[in-house]
Amino acid sequence: MKLASATIGGLRRLGVIVADDSAVALLPQSLGTLDDVVRGGPAAMETVRGVTAEGPAIPLADVQLGPPLRRFNRDILCTGWNYWDHFEESKGKREGQDPPEPPKHPTFFTKGPDTVIGPADDIAYDCGLSTKWDYEAEVALIIGRDGRSIPEEHAWLHVFGFCVANDISQRDLQRAHGGQWLKGKSIDATMPLGPWITTTDEIDDPYGLRIQCEVNGEILQDASTKQMAFRFERLIAELSRGMTLRAGDVLLTGTPSGIGNARDPQIFLGEGDVVVTRVSGLGMMRNRLSMAGLAAAHPGY
């Protein structure tokens, strides 16, 4: 199923995307939100599959799709350097912060949950905060069952589904704070997530997903999940080792090559730029960068 968080008439509702991705069928309010379904486990999904939509499907043009999840257990979990071509393209361009060799284990970091926006929302932008805004198209994995020290062979039992993400990053902030990624990837309202969650049973081959990022009509990233350095099962097994993953956790699984910082000449995002992020089978997001005054002092200071 493709489950969405849709707002119509000012009310947020759980919906199912119809087969051709053109409309959404609203489900009874008694089922709660998509956050509730993800945390509710197999029983909640069985209930969802057994109910009838309330009324006819509504064209997507007539609803607002928000981020699929809004209630986060913790920071967004992320994976760095998970496509070797991306790792290699940035060699010598990390301003003296290159690792000595490719990692032998997945590299994990987090970003704040206040980064999350919907699939058509504006990306907050402020050139006074950063002058190096970059794009990173990714597949996001949604945890659907709690677990710690999960073996690779059992990893899929803990996955609810997938969605699309773009890990918009500020490279100068990233470099200014020791090369660690938290600050340069945690700016408010900068990470599109959506457009819905596609459950794992809808995906024939998780390693056949095509990832693309388009900026102002030009495709700048185009790759496949088959190019991942560490597969989904490995990511879950290593991340959960000694650390409990919770239903509702979001894990970004890495971006392929083509980022703006690694290009010659470099390409950085600016106000008014339109970023389209798509993954085959998972949907598409379209977001515009809009000036937001992020660096201004908090009112009252």
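This is a predicted model: local features need pLDDT of at least 70, side-chain atom pairs count only at pLDDT 80 or more; totals for chains, interfaces and linings use all residues.

Visitor: Which residue of strand 14 does I117 stand opposite?
Guide: I117 faces P192 there.

Visitor: And how many bridges join strand 12 to strand 14?
Guide: 4 bridges, with strand 12 (residues 159–166) running antiparallel to strand 14. Within that pairing, F162 has T198 as its bridge partner.

Visitor: What about strand 1, parallel or antiparallel to strand 14?
Guide: Antiparallel, over 2 bridges, with strand 1 covering residues 2–8.

Visitor: Is strand 14 largely enclosed or left open, then?
Guide: Largely enclosed by the rest of the structure, because 9 of the 9 residues in strand 14 (residues 191–199) are buried.

Visitor: New topic: where does D249 lie?
Guide: D249 is in the loop between helix 5 (232–239) and strand 17 (250–252).

Visitor: Buried or exposed?
Guide: Buried, as the relative accessible area of D249 is 2%.

Visitor: So what does the side chain of D249 make a polar contact with?
Guide: The side chain of R74, at 3.0 Å.

Visitor: Which other residues is D249 in contact with?
Guide: Setting aside neighbours within four places in sequence, D249 touches N73, L77, L141, I142 and I143 as well as R74.

Terms used. Residues are numbered from 1 along each chain as its sequence is written. Side-chain values use heavy atoms; hydrogens and water are left out. Buried means under 20% relative accessible area, exposed over 50%, partly exposed in between (1.4 Å probe, protein chains only). Two strands pair if DSSP finds at least two bridges between them. A polar contact is a pair of N or O atoms within 3.5 Å; within protein, one must be able to donate a hydrogen and the other to accept it, and residues adjacent in sequence count only if both atoms are side-chain atoms. Contact means heavy atoms within 4.5 Å.
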